[in-house]
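Please read it alongside the sequence and coordinates.

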Amino acid sequence: MKKCDIAVIGGATSGSFFARKMAEKGFSVKVIEKCSREKVGSRYDIFHIGRKEFERFSIPRPVEGDKEWAFEFETNYTAAPSGKYPIKTFDPMVGLHMHDYTLLMNKWAEEKGAEIEYEATFEDFIYENEKIAGFTYSNKDGTHRLFAKCVVDCSGIAAVARRKLPHNCKIENFEVTPEDMFYVVLKYVKFKDPDFIYNTSSTGWPSYKSWLAPQADPNGGILGIGACNSYEQAETILHDVIKNVPLPEYTITRTEKGKTPYTRPPYSFVTDNFIATGDAGCLTKPNNGEGVTSSMVHMKIAADVLADALKSGDLSEKNLWKINKIYNKEQGADFASTRALLTKVVKATNDEFEFIFEKAHDVLQSFLDGAADGPEIKLPLPALIKAVGKIAGGIFAKKVSVATLKSALEGVSLSGKLKKHYLDFPDSPDGYYAWKKQADELWKKVGKMS
Ligand SMILES: Cc1cc2nc3c(=O)[nH]c(=O)nc-3n(C[C@H](O)[C@H](O)[C@H](O)COP(=O)(O)OP(=O)(O)OC[C@H]3O[C@@H](n4cnc5c(N)ncnc54)[C@H](O)[C@@H]3O)c2cc1C
């Protein structure tokens with residue numbers, strides 16, 4: 001039998017970050033990770049972190065020459081379905097190798113005393129007096145019991161522990177289904193012209209949820225796409241991108257695939273002696289499905305609240321509830337608002353997107369500048385009125401359908417209502433069910449991205 005203050009399930013970026021934060025505060029932390037040290041964080045290679053995020057979260061910052069570092073760029077373009085009318089934004093990014101960076105974060109957590117056991121798989125909760133008191137896990141030697149004051153689920157989209165919670169728990173135990181995730185396909189390409197260098201910017205085509213990003217080889221790129229439902233759907237849409245957007249000639253050198261949650265998080269992240277976070281808490285960004293640092297916003301809050309709870313010896317749902325409240329104020333309300341808006345806006349057809357990019361270029365520029373700056377797509381009233389005016393003009397020119405304008409306006413309205421509702425999240429578990437009822441009604445009106 002083993003004992004620790006905090007037992008973390010999953011030792012990738014979220015598990016390492018949370019383990020480090022709690023170990024830094026002087027608590028004993030044990031992480032179990034299903035993969036071997038050689039395999040952890042290797043489901044795909046390149047990922048991006050915004051340059052300013054390293055300082056914000058005090059996480060290790062690889063630089064050129066380090067094995068974790070792949071490239072950096074500052075400029076992002078967002079273009080119409082034809083590739084025309086690119087909108088330039090300033091959004092400095094660092095490209096990193098996921099496996100190497102995960103190992104770096106593992107070491108960073110271990111430096112402060114967190115213990116990581118690899119090839120150890122979560123099995124089930126241990127309950128004492130009907131409260132979570134730890135879990136059983138298996139490794140090559142058999143099944144083990146690990147007792148902890150708090151269990152933290154950082155197991156990614158599978159949410160292996162959250163999904164085992166009882167149905168009457170305030171943390172919903174839903175599975176992320178195909179319609180609620182992005183199937184991401186990444187084609188690593190090498191450009192045929194050896195002098196063509198593509199490592200100073202990235203370009204996205206939101207109508208297809210597709211992009212061309214740099215990769216470690218400056219003469220290459222990553223043609224990526226995210227789509228709901230299946231990898232086949234992603235590949236089909238990628239064919240449209242290749243057909244419609246003029247791209248420099250290339251050959252595909254390898255393909256990677258992975259899944260990322262694209263759904264609202266569970267309304268609560270806590271119950272007695274338990275927290276869900278990272279992809280297990282569906283904390284990915286609504287504008288692109290990225291989740292490494294958006295989860296850190298949540299984990300920083302969770303670590304502070306949990307440290308106070310451990311000191312007071314009260315890890316009840318009621319005492320951990322502040323995690324929900326503070327998170328919604330800092331990021332959750334903005335993400336809910338942006339998710340609602342985007343879900344409604346992407347219903348537009350490619351022809352409609354083309355028209356909007358051509359005619360409302362300046363308005364899109366101000367929205368995208370705002371999106372590069374923070375967690376929410378801000379909708380200043382003058383820009384909003386201008387956007388509606390341009391789209392309404394499209395209706396007269398028969399370039400935009402009434403249904404698309406209606407859907408966009410619904411998106412604006414629901415996004416405002418959800419933001420307010422999340423900011424009004426109850427201060428204690430007592431008000432939860434009344435709040436949930438209204439939230440369910442709003443999300444039902446938003447519908448699904450798929
Ligand atoms: C192709 C692709 C590209 C992406 N690009 C970016 C990007 O550029 N920037 C960005 O911020 N985000 C990106 N994302 C999203 C990002 O990968 C995730 O949001 C992030 O990795 C989530 O981290 P996590 O630690 O919560 O979960 P994961 O990285 O999924 O880690 C979960 C860990 O738990 C372990 N585990 C699972 N089950 C068990 C078990 N039963 N017992 C023990 N351990 C278990 C797993 O082995 C794994 O190591 C991308 C996603 C995909 C699919």
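Helices (DSSP runs of H or I with at least four residues) and strands (runs of E with at least two) are numbered from the N terminus. With elements named in this way, Asp-180 is found in the loop between strand 9 (142-153) and strand 10. The model is predicted, and local features therefore need pLDDT of at least 70, side-chain atom pairs count only at pLDDT 80 or more, and totals for chains, interfaces and linings use all residues. Residues are numbered from 1 along each chain as its sequence is written, and side-chain values use heavy atoms, with hydrogens and water left out.

**The ligand and its shell**

The ligand is surrounded by 33 residues, of which Ser-14, Glu-33, Tyr-44, His-48 and Asp-279 are the closest. Several polar contacts can be listed, a polar contact being a pair of N or O atoms within 3.5 Å; within protein, one atom must be able to donate a hydrogen and the other to accept it, and residues adjacent in sequence count only if both atoms are side-chain atoms.

| Residue | Protein atom | Distance to a ligand oxygen atom |
|---|---|---|
| Ser-14 | side-chain N or O | 2.7 Å |
| His-48 | backbone N or O | 2.7 Å |
| Val-292 | backbone N or O | 3.0 Å |

The protein covers 93% of the 1,000 Å² of accessible area that the ligand has on its own, where accessible areas come from the Shrake-Rupley method with a 1.4 Å probe and, for residues, only the protein chains shown count as cover. Two or more residues of the shell come from each of helix 1 (13-24), strand 3 (46-50), strand 7 (121-128), strand 10 (181-191) and strand 14 (250-261), and strand 14 gives the largest share, 3 residues. Sorted by class, the shell has 14 nonpolar, 13 polar and 6 charged residues, if Ala, Val, Leu, Ile, Met, Phe, Trp, Tyr, Cys and Pro count as nonpolar, Asp, Glu, Lys and Arg as charged, and the others, Gly among them, as polar.

**Domains**

The domain assignment, whose bounds come from an automatic or database source, gives domain 1 (2-61 + 98-176 + 263-316), domain 2 (179-261) and domain 3 (335-446). Domain 1 and domain 2 each supply at least three residues to the shell around the ligand. The centres of domain 2 and domain 3, taken over C-alpha atoms, are separated by 26 Å.

**Helix 11**

Helix 11 (residues 402-423) has 22 residues and reaches 32 Å from its first C-alpha to its last, close to the expected 32 Å, a span defined as 1.5 Å times one less than the number of residues. Its buried residues (buried means under 20% relative accessible area, exposed over 50%, partly exposed in between, with a 1.4 Å probe and protein chains only) include Thr-404, Leu-405, Ala-408, Gly-411, Leu-414, Ser-415, Leu-418 and Tyr-422.

**Individual residues**

Most residues other than glycine have a negative phi. Ser-58, by contrast, has a positive phi near 50°; this residue is found in the loop between helix 2 (53-57) and strand 4 (69-78), and counts as partly exposed because its relative accessibility is 48%. Asn-129 likewise has a positive phi near 50° and is placed in the loop between strand 7 and strand 8 (131-139), where Asn-129 counts as exposed because its relative accessibility is 75%.

Is Asp-180 buried or exposed? Asp-180 is buried, because its relative accessible area is 11%, and its C-alpha atom is separated by 22 Å from that of Trp-435, 255 residues apart along the chain. Tyr-208, in the loop between strand 11 (201-205) and strand 12 (210-214), is also buried, with a relative accessible area of 3%.

Note on methods. Near = heavy atom within 4 Å.
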